[in-house]
Amino acid sequence: MEVKSVGVVGAGQMGNGIAHVLALAGYDVLLTDVSQSALDAAVSLISKNTERQVSREKITAEERDAAMARIKTTLALADLGKTDLVIEAATERETVKQAIFEDLLPHLQPHTILTSNTSSISITRLASRTDRPEKFMGFHFMNPVPVMQLVELIRGIATDEPTYKACLEVVERLGKTAASAEDFPGFIVNRILMPMINEAVYTLYEGVGSVRSIDQSMRLGANHPMGPLELADFIGLDTCLAIMNVLHDGLADTKYRPCPLLTKYVEAGWLGRKTQRGFYDYRGDEPVPTR
Ligand code: NAD
């Protein structure tokens, strides 16, 4: 089955990036959100980001105009029923995602593939609440979507091969690379990345290193482009903690215990860049370590 049109649910950080790359690759995109202001903000951000691509000569002005013309928005979730593929990228709460799929089901065409961009919720469980578990997959983009090369494709226990192949074709047409992952907590990237970040927080908590020495060690000693604490601030400390809790609960192994210092930062509302303070304080000209 060839996918021509894609519905994107949720116009936040991930949804706007997903709409951006789909439209540039030639798909008709229908973007929905519960909030008109989120839709307006997403379209204006996509416009700004594609403009920057034109000024850096990554795309032409014609490609940009064509992409922007392919993006339509709607507040009515039911309108996405006419698309070939739905990518759900709404808030990371299982009840929210379940309600979206339940509301969408009566409006779908029989062939429509349903996917979720969830970082941690079980694909098999989300799929089991729909009428088409065999046409349901995890479609996990990385942040920021226009920049990051990888998409994890996660099969639920019931996902069939034609569904996997159709999603793989979409990833390839986006010029991205797919990694196939099984449906276990954290999939591949977060299963490996989050325990490393959590261990960096333990290293800080136990006084083995300071914020600066830990980040510098991993940048210069392991050739990571960003230190683990800088990266945690970029992802959001609440998101890091939520994923550690999913690993801890889902795999029932104490090695995934979230570091109490990570919990403390989240309790303080120091969530990283989005709140201007995390392991670094971003309120001045230069980030300053908070420990
Ligand atoms: P976000 O908070 O920036 O955006 C979520 C959007 O969903 C908001 O605009 C909100 O209004 C909208 N929304 C909430 N309920 C809705 C509903 N019922 N119908 C339609 N829209 C609704 O969140 P985000 O960072 O873009 O994350 C979205 C998804 O992507 C989550 O599942 C998250 O786990 C996943 N993800 C996030 C990252 C990341 O680094 N932020 C990376 C990979 C995957």
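The legends below describe close-up views of a predicted model.

**View 1. Strand S7 and its two neighbouring strands.** Strand S7 spans residues 150-155, and because five of its six residues are buried, the strand is largely enclosed by the rest of the structure. Strand S6 (residues 136-141) is joined to S7 by five bridges, and these two strands run antiparallel, whereas S7 and strand S8 (residues 177-182) run parallel and are joined by six bridges. Arg 155 takes part in both pairings, being the bridge partner in S7 of Met 137 and having Glu 182 as its own bridge partner in S8.

**View 2. The β-α-β unit that contains S7.** Strand S7, helix H6 (residues 161-173) and strand S8 together make a β-α-β unit, and the unit is right-handed. Glu 161 forms a salt bridge with Arg 155, with 3.4 Å between the closest N and O atoms. The relative accessible area of Glu 161 is 40%, so this residue counts as partly exposed.

**View 3. Salt bridges around Glu 51 and Arg 64.** Side chains of opposite charge can pair when their charged atoms come close. In the whole structure a search finds 12 salt bridges, and one of them links Glu 51 with Arg 64, whose closest N and O atoms are 2.9 Å apart. Glu 51 lies in helix H2 (residues 36-55) and Arg 64 in helix H3 (residues 61-70), so the pair ties together parts that are 13 residues apart in sequence. Glu 51 is partly exposed at 39% relative accessibility, while Arg 64 is buried, its relative accessible area being 14%. Together with Asp 65, Glu 51 and Arg 64 are linked in a network of salt bridges.

**View 4. The salt bridge between Glu 88 and Lys 97.** Glu 88 forms a salt bridge with Lys 97, and the closest N and O atoms of this pair are 2.6 Å apart. Both residues, Glu 88 and Lys 97, are buried.

**View 5. Cysteines in a structure without disulfides.** A disulfide is a covalent bond between the sulfur atoms of two cysteines, and the structure holds zero of these bonds. For Cys 240 the closest cysteine sulfur belongs to Cys 259 and lies 12 Å from its own sulfur, which is too far for a bond, given that the cut-off for a disulfide is a sulfur pair within 2.5 Å. Cys 240 counts as buried because its relative accessibility is 1%, under the 20% limit for that class. Cys 167 likewise counts as buried, at 1% relative accessibility.

Note on methods. Residues numbered from 1 in each chain as written. Predicted model: local features only at pLDDT ≥ 70, side-chain atom pairs only at ≥ 80, totals over all residues. Heavy atoms only, no water. Buried < 20%, exposed > 50% of the residue type's maximum accessible area, 1.4 Å probe, protein only. Helix = DSSP H or I, 4+ residues; strand = E, 2+ residues; numbered from the N terminus. Pairing = 2+ DSSP bridges. Right-handed = clockwise from strand over helix to strand, strands pointing away. Salt bridge = Lys/Arg side-chain N within 4 Å of Asp/Glu carboxyl O.
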